[in-house]
Structure formats: C-alpha cells, structure tokens
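Let's take a walk through this structure together. We'll look at how the two chains meet, and then step inside one of them.

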2 protein chains.
Amino acid sequence: MRRVGLKFLATELGISEGTVSRALNDYPDISQSTRDRVKEVAAKFNYKANQTARRLATGVAEAVAYLMPPNTKSISEPFVSQLLEGIGESLSQRGWDLLVVQASSEKTEADTVEKLSTSGRVSGVVISRPYKNDRRIELLKKNNMPFIVHGRSVDSDDYAWFDVDSTQAFKDAVGHLAGLGHQQIGFIGAPLEYNFAQMRLDGYRQGLMENGLQYDPTLVDHVDMTDDASAAAASAILKAQNPPTAFLCATDTQAIGVLAAIRSAGLIPGQDISVIGYDGLDFGKHTNPPLTTLAQPQSHSGREICDMLLAIIDGGNPVDYQELRSATLVRRMSDGPFRPMKTIIS
Amino acid sequence: MRRVGLKFLATELGISEGTVSRALNDYPDISQSTRDRVKEVAAKFNYKANQTARRLATGVAEAVAYLMPPNTKSISEPFVSQLLEGIGESLSQRGWDLLVVQASSEKTEADTVEKLSTSGRVSGVVISRPYKNDRRIELLKKNNMPFIVHGRSVDSDDYAWFDVDSTQAFKDAVGHLAGLGHQQIGFIGAPLEYNFAQMRLDGYRQGLMENGLQYDPTLVDHVDMTDDASAAAASAILKAQNPPTAFLCATDTQAIGVLAAIRSAGLIPGQDISVIGYDGLDFGKHTNPPLTTLAQPQSHSGREICDMLLAIIDGGNPVDYQELRSATLVRRMSDGPFRPMKTIIS
DNA sequence: GCCTAGACCGAAAGCGCTTTCGGAATCAAT
DNA sequence: ATTGATTCCGAAAGCGCTTTCGGTCTAGGC
C-alpha cells in the first residue's frame, strides 16, 4: 500500500499538488467546490500531512519543549506529570507536539538550552524551578526563543512567568503559627540557588518580623528537597538548646521528612510540634498526621502556562504574560496551638 | 547574523555542501584532512544541523513517543516522571527527541495512536498500562510501528514488553499473610479492563487456593486507582458480617485509601487489620502506618524500556525483547500477625 | 610511459510539503 | 464585442539537509 501523500491525492483528484495543499489549508483562492472535494478525498484516504515536511517548508516547528528539572529524585514530582498533562492538553488543540528534554546534569543544562533554541525543533520552551540567576533564561532571551518560566528568577521584569506568591504564603503561615502561640518557629528551606527557596525564606523572615519574633539562624537550615535530607536537618535543629515548637518547610516533601524526625525524637507532630509544608500535595492527606500545607492552585496550571506561551509565540509581548497566583493554607492535622515542651516538665 | 547552515559552512570552507555534510557524518570517502577542517569550522560556528531538514531527507524521525495514560488524576503518578526521566536519558545519548502525547479521552486513544503511527513524526512508541485487549497495540502492529509496552496485554506473545510479575507477587503476598495467620483476606483491585488488574486478581486467587483459603466475593471489589475510591470500597467491605483481617491492594494508592478507611472504622491498620499495597512508592514510608508494599524495581526501568525499544527500531525482533521482572515485598508497618477482632470480644 | 585502481569531491536529485507568481478562464461592465 | 477585474488553479521554486552518481586526480603496477 502506497503512502498517501500530497502527490497521491493530487493524481487521485486529477489536480495539482499545490492546489490540494492550499485547499487543505483553507486558502481563499480555492473554490468551495474543489475545496470540499479535496477534503473529502483526503478524509477518505485518511491523509495526514507529513509533519516533518510541513515544518521544513513553513519554518514553524509546531512543537514546544518542557525542560525537565534535573533532580527528579524526590517524592514531590507528581507536579511534573500534572504540568505535562496540562501542557499537552493545550498543545493538542493546535495539533502541536510536546517535547520533553532533559539536561543530563546541571552543568549541561545551559548547553541543552542553547541547542534547543538553535536547532529549530521547537517554537517555544517552558522551564520550571528557576535559579536566582538562571543562565537558561539568559540564553533563551539571547536567542529570542519564546519561553515562559514556571516560577521566577530574581530579575523577572522582562519575560513571561507563572508563579505563586510563596513569599506572601510563608509570611501568612508564620502569622498563623504565631497566632497559635508559637514563638520558636523553625524553617527548613531548599537550596538557596533556587529563587523560590529565597522567596520562601524571605516570607518566613518577614513573617517573623511582622509578629515581633526574632530570626534565629540555629533554627533554620537549607537542604535538598528530599524527605531524608530534611529529616536529618530537623533532627539536628531539634537538639538545639531552645528547640522550635513549629516548623515551616519549603516543600511538602521536606515537611514529611520533618514529621518523621519529630516522631523519631519521641514527640508527636501536630501536638508537640507543628509543621506546615508547601505545595498542597495530595498525599499529604495520608501522612501521619495529615499534613497542613500551603497549597498552590496547580490543578490546571499546565494549561494556563502553555496557553500563555502560545500567545507569546503568536506574537504577544512576554511582559504581558506574568501571572502571580496565591497559595492557600489548607489545615490538616499537623499544626496546632503551642504547648510547652514535655522536656521542660521533667 | 546569518543562520549557519550547510551552505554557510560550504562557502566558508570553499567546498560543496554535500562534502560538508558527508564530512560531518563521517562518510568514508572524505579525506581525513578535510574532515578535520570541516569539523573544526563547524564547531567554531557552533553549527547544528537543522533536525527537521535532516529528518525529511533521511526519513527517520529520530524521536520516540511516550503515550501518557489517560487518567492521571491519581496520586500514584510519580511513576510517569520516573519513566520519562529514564526514557529521556536513553534517548539523549542518541540525540533523539522524546515526545509526550496524550489522548484527550479514552475514546480517542486509538485515534491518537493511528495518527502517531502514520504521521511519521516518531520512529517508536512506548505505551503503559495496557488493557486486556488493547486496540493501541493492534494499531501499532498493523502500522508496523516499533513499540514496547510497559506491562502486558492478554496476548503478549508477539510484541515487546517490560513487565513485573505481579501475579506471582500477589500469590506470595497471600502466602505471607496466611503465614501471619490471616484467613479472611480482602482484595481491592483495579478496573478489570486493565490487564494488570486481572493479573493481580489472578495472583490473589491463586494464593488463596494454594493456602487452602476460600475465595469470597464479598471481600473483594474493583475500583478506580484513587485513595478515595478504595477507601469507600474498603469501608463497605469492612461492614460485612465476616470482615477481612487483611487487605491486599492492587496499587499503593489504593492501599493508602484502605488505611484511611480502617482508621475511620476505629481500627488500627497494621494491628487490627493488615494491608499490603503494590508499587513500592516512596511515600509509603510516610503513611500512617508506613505501608508494606510489593515493590517493583522501577528505578531505572525507563532506561531499560527505551533501550529495548531502540534495539527494535534498529531492526531487532520484538519477540526477543520481553522482560519479566519480579517484585519484592518490602515490609514496613502495615502488616502484622492475625489477631481476633475487637468486635468479637464485646 | 600507459593503464587501472582507488581516493576524494562536486553536481544534482530528491524528501513531502508550502507558497509565490502568473496564466487561463469567467464575469461584469462599457 | 472589447476591456478590466476577478476567480481559480498549475507550475515551479524553495525549506536545509542527505545521498547517489560520476568525474577528476593521484598513486601504483607493468
């Protein structure tokens, strides 16, 4: 069975390839009748234009790339598939492709971006979890490849992004905890090269200040976004002479680790020590105890992000596409009113 | 700044385009000296062949598609990003692309596959979570598009797949539970149109038989792979006149729901009632109590799967690429010896 | 010194589509 | 009936690369 291409349809219909192509693409200079005829025959033979050829001819890649964050070791990566799903949804309406690309290591991340933007295989890029000063962003701008970042870097004035105001969220969370009577609030942050880590730390400190609390560096640590790393950090902090009665964590995954650390210190999280995470991960419902968290509205963010990117590809000004959402505190069972430590009793 | 293409390099070097191309692609009929010269200049100008053009010319797509499973609502989807990561890793060694495609609904899944295999944009496909009789597989075969399935359908003789022997795993798990003294073992399965659901059910029933236990349909249910659905199912089963003292679940996500159901029935999972899940999800460590599970060796399966697919694309016989791995029981805290039900005491 | 092999490279034909350009046919208007 | 404007379509030139084919040139072998 022969490949059905433009040529096939053309001979089948007894007209020229060019006409078939224009008919299919709804050019105005094709009569309604032949247009119909062409489309009918095309449908009959289940014709699908060879995308590669079309791309070469038109020069538009009809594809968007998602740059996978490099360290996907952690538990918290449901967000990747969520995002992908949303992006794919948005893309499929146009019939565009979604490419998932990975940098083998953090070193080669910039390289990957460079290649991506010069090889012409995509017409746009979405990256997530930017660093404070992110070379990827610089490269994308330099090569003027349309892109959108999920999150923000320090200098976020001149590109498109979609982010959640985690600074505000953490400020509020501190307020919440302070309202519960907590004075010693610990903080488990993420590595500070990530801008989101900085922003959450900032929120934490601002919250402290607003509530007349002192920033105590012995109560905070910055570690990888894994349960184990944060458990270790929390254990250490718990051994301080004046340990915290509550923890704020940069991610839910970390918060879960902290929960474990508290339990293994013989204390009861949610009662002896409060902990609040960030992300709103679903499985926080099932931790012990269920995790109170700052939930980002990430349900359909993939779609929105991609729609924004598409708008930019269509000629929109990136600066017009900057969305800041806000997180909401979802209280489960891991936070509670301050109560004096058991150890003080003995 | 002009695009650096073959033409540019050719004029730059004073030789023909064809020669440049062949030099770059290590054709044997190019002298070492010009080959070097060409490569040097290419590197200097940071030349990257336009992939689209190359694909058109060679006819090979240099890309592989991953077909996203349609209902990614559930918690258990870290496996998607894990898989993707592995696949991407394997692909990037060849410089190939990873396409992620989604069917908007289950109805259009076959359509999507059809288009994918005729549009020529990919040279291979990986699909996961096959149905018992999976139309996607039929279509892929019909269009002889190389593919590999993560899992197996009923008729798995003539294609490539990578699966874990969950039948065996569930048989063993029943044995484990029986050894612990449990006689009434409930089962929360997944929708039976999925072949893995059937296989796990089979394992469960075989295990029952091997241990001289009766299959009791009032103790089993098949529900969606979400925590809520399985919690509801477990609650119902718990109300039976002769409720189970242990549950086996087709997925960890379901097991977590069962944990919740047990607790909300006022019982203690792991003590009053055992529950064992399947998947080996990391966050099972943090449930209440930590979830005992049948862990699949999914760490690098993405890589292996993709390597297998690549081998097939290179001309390998699909039948030679069928891998069956085995799961291992990782005991955490949600299983324990049989103990008479509290309710019996009263 | 002539002939045959290689070795090496240029020319050119695609890959399957899009898109411009101009020509033929149709139509309305003078 | 002639002209001018439209409508509709065919021809052909790419898009940027690969790959075949054949030709030139040099190095051996006699």
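Between chain B and chain A there are 10 residue pairs in polar contact (both at pLDDT 80 or more); that term means a pair of N or O atoms within 3.5 Å, where within protein one must be able to donate a hydrogen and the other to accept it, and residues adjacent in sequence count only if both atoms are side-chain atoms. On chain B's side of the contact, H5(B) brings the largest share, 6 residues. Helices (H or I, at least four residues) and strands (E, at least two) are DSSP runs, numbered from the N terminus.

This is a predicted model, where local features need pLDDT of at least 70, side-chain atom pairs count only at pLDDT 80 or more, and totals for chains, interfaces and linings use all residues. Residues are numbered from 1 along each chain as its sequence is written, chains are lettered from A and ligands numbered from 1 in the order in which they are written, and side-chain values use heavy atoms, with hydrogens and water left out.

The rule also finds 2 salt bridges across this interface (a side-chain nitrogen of Lys or Arg within 4 Å of a carboxyl oxygen of Asp or Glu). A:Asp97 and B:Arg121 form a salt bridge, at 2.1 Å from N to O.

Now head into chain A. Why is strand E3 (residues 124–128) largely enclosed? Because 5 of its 5 residues are buried (under 20% relative accessible area, 1.4 Å probe, protein chains only). A:Val125 and A:Ile127 cover one face of E3(A), with A:Gly124, A:Val126 and A:Ser128 on the other. E3(A) runs parallel to strand E1 (residues 63–68) of chain A, joined by 4 bridges.

Conventions: Buried < 20%, exposed > 50% of the residue type's maximum accessible area, 1.4 Å probe, protein only. Pairing = 2+ DSSP bridges.
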